[in-house]
Amino acid sequence: EYAGLSRWLTRHNLILLAIPPLLTTLVVFTNDYHHLIWSDFLMAEHIIKIPGNANRFFVGYAIVIALANLLILVWLAIRSPQHRRPVSIMLLGQVTGRIFYMLNNFHINPLNPGESVFLVVGLVSSTYAIALFRFHVLDPIPLARSAIIDQMLEGALVLDKNRRIVDLNPAASRVLDQTASSLRGRKISDILPVDLKAS
């Protein structure tokens, strides 16, 4: 929703997205009867899980959701400059956590399996906590302001200290007859006949 993709958050889609996690929980709790998640456990220096037939499906679903999450965060950073710093922190946590997860699966993780889980969960949770509580990434005020500006009939341009366009609303894009992506980063003097000395 904060990335401007709320049209995909229909009740139908949310129900579809919820089915695999709920099914995973059910299959995990009943694994002793069918062994679809883990077919066996081996004792070595630590417990080794032998994946069952359905394990790859659920892991694959988790990977798809993780990739979608990463793409949405990148899209949010592109679309909303004020979110770039907290989104970068969240992306750092996500990517680092996935790397440790993959290293653990290939048994080349320098940490013990139990320790790696705590590291991954702790790292990702910490980066999200910083983004949420330090940078207020999900603060409703910027979202409301953005929604209002996007619906304005008047064109609005946001400039940085060097008078370059960092953001604009759809009305400004229509008035200037150019796409938002082609206008971002350009100096206002290249677009409009303005007197920079007077301003």
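These legends describe close-up views of one predicted protein model.

The model is predicted, so local features need pLDDT of at least 70 and side-chain atom pairs count only at pLDDT 80 or more, while totals for chains, interfaces and linings use all residues. Residues are numbered from 1 along each chain as its sequence is written, and side-chain values use heavy atoms, with hydrogens and water left out.

**Figure 1. Overview of the fold.**
The protein holds nine helices and four strands. Helices (H or I, at least four residues) and strands (E, at least two) are DSSP runs, numbered from the N terminus. Along the sequence, the pattern reads α-α-β-β-α-α-α-α-β-β-α-α-α. The protein has 199 residues, and 21% of them are buried. Buried means under 20% relative accessible area, exposed means over 50%, and partly exposed lies in between (1.4 Å probe, protein chains only). Take the contacts between residues at least 6 apart in sequence: 37% of these join residues at least 24 apart. A contact means heavy atoms within 4.5 Å.

**Figure 2. The largest nonpolar core.**
Ten residues form this core: A3, L70, L73, L76, A77, V87, M90, L91, A131 and V137. A nonpolar core is a set of buried Ala, Val, Leu, Ile, Met, Phe, Trp, Tyr and Cys residues joined through side-chain atoms within 4.5 Å. The elements that give two or more residues to this core are α3 (55–79) and α4 (84–105). Helix α3 gives the most, with four residues. A second, separate core has seven residues, including A172, L176, L183 and I188. In soluble globular proteins, nonpolar side chains tend to be buried together.

**Figure 3. Close-up of A131.**
A131 is one of the residues of the largest nonpolar core. Setting aside neighbours within four places in sequence, A131 is in contact with P86, M90, H136 and V137. M90 and V137 also belong to the largest nonpolar core.

**Figure 4. The second largest pocket.**
The volume of this pocket is about 640 Å³. On a 1 Å grid over the protein atoms alone, a pocket is an open set of points where a 1.4 Å probe fits, with protein on both sides within 12 Å along at least five of seven lines; lining residues have an atom within 4 Å of a point. Grid points are joined across faces, edges and corners, and a volume is the space filled by probe spheres set on the points. The pocket is lined by 21 residues, and the closest to its centre are E1, L9, A68, N69 and I72. Helices α1 (11–29), α3 and α5 (113–134) each supply at least two lining residues. The largest share, seven residues, comes from α3. By type, the lining divides into 18 nonpolar, two polar and one charged. Here Ala, Val, Leu, Ile, Met, Phe, Trp, Tyr, Cys and Pro count as nonpolar, Asp, Glu, Lys and Arg as charged, and the others, Gly among them, as polar.

**Figure 5. N31 and N55.**
N31 is found in helix α2 (residues 31–34). N55 is in helix α3. N31 counts as buried because its relative accessibility is 5%. N55 counts as buried because its relative accessibility is 17%. Beyond residues up to four places away in sequence, N31 touches L36, I37 and W38. With neighbours within four places left aside, N55 is in contact with L36, I37 and W38.

Phi of H35 is near 55 degrees, a positive value in a residue other than glycine. H35 sits in the loop between α2 and β1 (38–43). At 38% relative accessible area, H35 is partly exposed. Phi of R163 is near 65 degrees, again positive in a residue other than glycine. The loop between β3 (157–159) and β4 (165–168) holds R163. R163 is partly exposed, with a relative accessible area of 27%.

**Figure 6. The R184–D167 salt bridge.**
A search of the whole structure finds one salt bridge. The side chains of R184 and D167 meet in a salt bridge at 3.3 Å, N to O. The pair links distant parts of the chain, 17 residues apart: R184 lies in the loop between α8 (180–183) and α9 (188–191), and D167 lies in strand β4. A salt bridge is a side-chain nitrogen of Lys or Arg within 4 Å of a carboxyl oxygen of Asp or Glu. R184 is partly exposed, with a relative accessible area of 32%.
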